[in-house]
Amino acid sequence: MAYKFFLLSCLLAAIAPFYPKEVGRVDLSSFPGWPKTFRNCKLSGLSLNKRERAFYRHFPGKTAKFVAGNTKLILRYVTKRTRRLHPAAHCYRGVGYQTTPRPLWVDENGNRWGCTKAARHDGTLYIYERLWDNKGASWSDVSTWYWASLLGRSSAPWWSATVISSSPMSSDS
């Protein structure tokens with residue numbers, strides 16, 4: 001019996017990516033605008049560099065970078081499920097950082113954030129990530145969000161936030 005259950009599970013996992021339910025693209029006219037503050041700090045906009053602009057050219061939605069105090073924030077308004085949204089740790093490993101997963105960080109509002117420590121010769125960064133939809137669902141990692149969207153448990157639009165800090169957030173030590 002357990003063998004049959006295992007085989008059925010493998011089969012379902014193999015065909016899940018071909019599941020026909022597609023999450024439709026949200027019209028960008030519904031974009032509500034970027035927030036003005038983050039953790040009680042005023043956000044100041046930063047320009048995307050040439051590489052970032054090229055990467056986000058085909059991104060389904062909008063992306064912006066901000067600074068709040070000594071923290072950088074990348075916000076994305078995602079209008080369609082996409083593989084172009086991936087964990088920030090992948091990017092940091094690609095530019096020479098050694099990444100180490102850290103425990104989830106829970107902010108002052110009870111939101112759970114995935115955390116990664118990224119280190120190389122020129123310093124250490126703490127990267128926090130969170131995704132959420134407009135119906136109250138949220139995810140602390142990109143993979144869980146992607147599967148929820150693929151299986152129809154959440155629909156666009158979504159928000160993604162990546163926080164890059166040179167020190168751990170207050171409750172993360």
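## An aspartate in a loop

Asp-107 sits in the loop that joins β6 (98-106) to β7 (112-120); strands here are DSSP E runs of at least two residues, and helices are H or I runs of at least four, numbered from the N terminus. This is a predicted model, where local features need pLDDT of at least 70, side-chain atom pairs count only at pLDDT 80 or more, and totals for chains, interfaces and linings use all residues. Residues are numbered from 1 along each chain as its sequence is written, and side-chain values use heavy atoms, with hydrogens and water left out.

Asp-107 is buried (under 20% relative accessible area, 1.4 Å probe, protein chains only), yet it has no salt bridge (a side-chain nitrogen of Lys or Arg within 4 Å of a carboxyl oxygen of Asp or Glu). The nearest side chain of opposite charge is Arg-130, 5.5 Å away. A polar atom of the Asp-107 side chain does lie 2.9 Å from the backbone nitrogen of Asn-109.

## The largest pocket

A pocket here is an open set of 1 Å grid points with protein on both sides within 12 Å along at least five of seven lines, and lining residues have an atom within 4 Å of a point. The largest pocket holds about 720 Å³ of space, counted as the space filled by probe spheres set on the points. Its lining has 27 residues, with Asn-49, Glu-52, Ile-74, Cys-91 and Tyr-92 nearest the centre.

## The second largest pocket

This one has a volume of about 280 Å³. Of its 17 lining residues, Thr-37, Phe-38, Trp-113, Arg-130 and Trp-132 lie nearest the centre.

Notes. Buried < 20%, exposed > 50% of the residue type's maximum accessible area, 1.4 Å probe, protein only. Lys, Arg positive; Asp, Glu negative; His and termini not counted. Polar contact = N/O pair within 3.5 Å; in protein donor to acceptor, adjacent residues only side chain to side chain. 1 Å grid on protein atoms, 1.4 Å probe; cavity = no way out; pocket = protein on both sides within 12 Å on 5 of 7 lines; lining within 4 Å.
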